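This report goes through helices, cores, selected side chains and backbone angles in turn. The sequence and the structure come first.

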Amino acid sequence: LAASLAASERATLLVDLDPQANASSAFGVTHLRHQLYDVLAGRVGLQQAIAPTELETLHLAPAGPDLAGAEIELVNADNRELLVRDALADARRRYDFILLDCPPSLAMLTLNALSAADAVLIPLQCEYYALEGLARLLDTIGRVRSKWNPALGVEGIVLTMLDRRANLNRQVEDEVRAHFGTGGDGAFKTVIPRNVRLSEAPSHGKPILLYDIQSRGAHAYLQLAEELLAKHPRPARRPGALARPAQPVDRAEPLSDPLTPPVQSFDRAAPPVDRADPLSEGLTRTADTKECMSRAQGAGAPLHPLDRAGPLSEPLSEEEGAAPVLPATPSTHPPGDS
């Protein structure tokens, strides 16, 4: 999706908040001197960690295994839920779109992404367990709205890995569209099909647009980008206005080696973590798909229509020209499904 937006000549920044670093490896970006962990630890600014890609209008803030340590270190940090928001403050003026790729969990890094974002783009695999994950996610969005980000909205739901030959896939699609609607704040009209070329592209370190633009997967993501651009009509920033970051440099040590940051990086006093109402509280599995959707509808975040103060295109920042930040939330895939 980030590559498709960049191909439309929109200045785009992809921020990899997942310690698995799939978004980084998908562009062939590895072994950099600075990563997002260094930004959160206060060692460098975000601009120093940004790396270029093969697309001139797309930049990447890469992640690595070191980012997993941030989950523990952020617990004792001051304003730990707002570190990503503060890091992105300057980048909002330079990019048309900022996409945050979140880890597949509702932990501290995901909470930071939701606190920094204008809206949430929810990828939903057409499986039963994904509906249960959707209910938990919507509940988390409601809590983030009430505590840290009142303007947080839902950009829409993207149905992924869809195979209409399977009865279950068709049933889940019908249920999602029936409860959330199509277009607007509901499900996107575009669906991402199961496609072999989409699965092959990351192994070559390329987005699908550069690997096989004629594939069904590439066409689907281009259509999704068109839908998203239709929601946010704005003049594209000139690609030349993007600051070109420094070229990638190999790290002196392998990425698998743990970093031992100075204690003062996250030793600021902070109140103890409130465990009385953990965000990871699960939902009891429901008997069938319809009942699960009903549970999601009462999960604590309004579903459709959303009770937002304004349209989704309103930026979180009051500064003119601020870019919308859309975190790609944890993929709601069934456990064990790659």
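## Basis and terms

A residue is called buried when its relative accessible area is under 20%, exposed when it is over 50%, and partly exposed in between, with a 1.4 Å probe and protein chains only. Helices (H or I, at least four residues) and strands (E, at least two) are DSSP runs, numbered from the N terminus.

This is a predicted model, in which local features need pLDDT of at least 70 and side-chain atom pairs count only at pLDDT 80 or more, while totals for chains, interfaces and linings use all residues. Residues are numbered from 1 along each chain as its sequence is written, and side-chain values use heavy atoms, with hydrogens and water left out.

Helix α8 covers residues 128–147. Of its 20 residues, 15 are buried, so the helix is mostly covered. The expected span of a helix is 1.5 Å times one less than its number of residues.

An α-helix has 3.6 residues a turn, so residues three or four places apart point the same way. Just after α9, G181 takes a positive phi of about 80°.

## Nonpolar cores

A nonpolar core is a set of buried Ala, Val, Leu, Ile, Met, Phe, Trp, Tyr and Cys residues joined through side-chain atoms within 4.5 Å. The largest one has 57 residues, and V15, L46, I157 and V176 have the most contacts inside it. Helix α8 supplies the largest share of this core, 7 residues. Another core, of 24 residues, lies apart from it; A3, V29, L58 and I192 are among its members.

Contact means heavy atoms within 4.5 Å. Not counting residues up to four places away in sequence, I157 touches I122, L124, L134, V176, F180, G186, A187 and F188. The ring of F188 also has the charged end of K231 over it, 4.3 Å from its centre; the criterion is NZ of Lys or CZ of Arg within 6 Å of the ring centre and within 35 degrees of the ring normal.

N112 belongs to helix α7 (residues 108–116) and is buried, at a relative accessible area of 0%. A polar contact is a pair of N or O atoms within 3.5 Å; within protein, one must be able to donate a hydrogen and the other to accept it, and residues adjacent in sequence count only if both atoms are side-chain atoms. The N112 side chain reaches the backbone nitrogen of L83 at 3.1 Å and that of V84 at 3.1 Å. Leaving aside neighbours within four places in sequence, N112 contacts L74, R80, E81, L82, L83 and V84.

R92 sits in the loop between α6 (83–87) and β4 (97–101), and is buried at 6% relative accessible area. Its side chain makes a polar contact of 3.3 Å with the side chain of D118.

Most residues other than glycine have a negative phi. E9, in the loop between α1 (2–7) and β1 (12–16), has a positive phi near 65° and is exposed, at 52% relative accessible area. A21, in the loop between β1 and α2 (22–25), has a positive phi of about 60° and is buried, at 10%.
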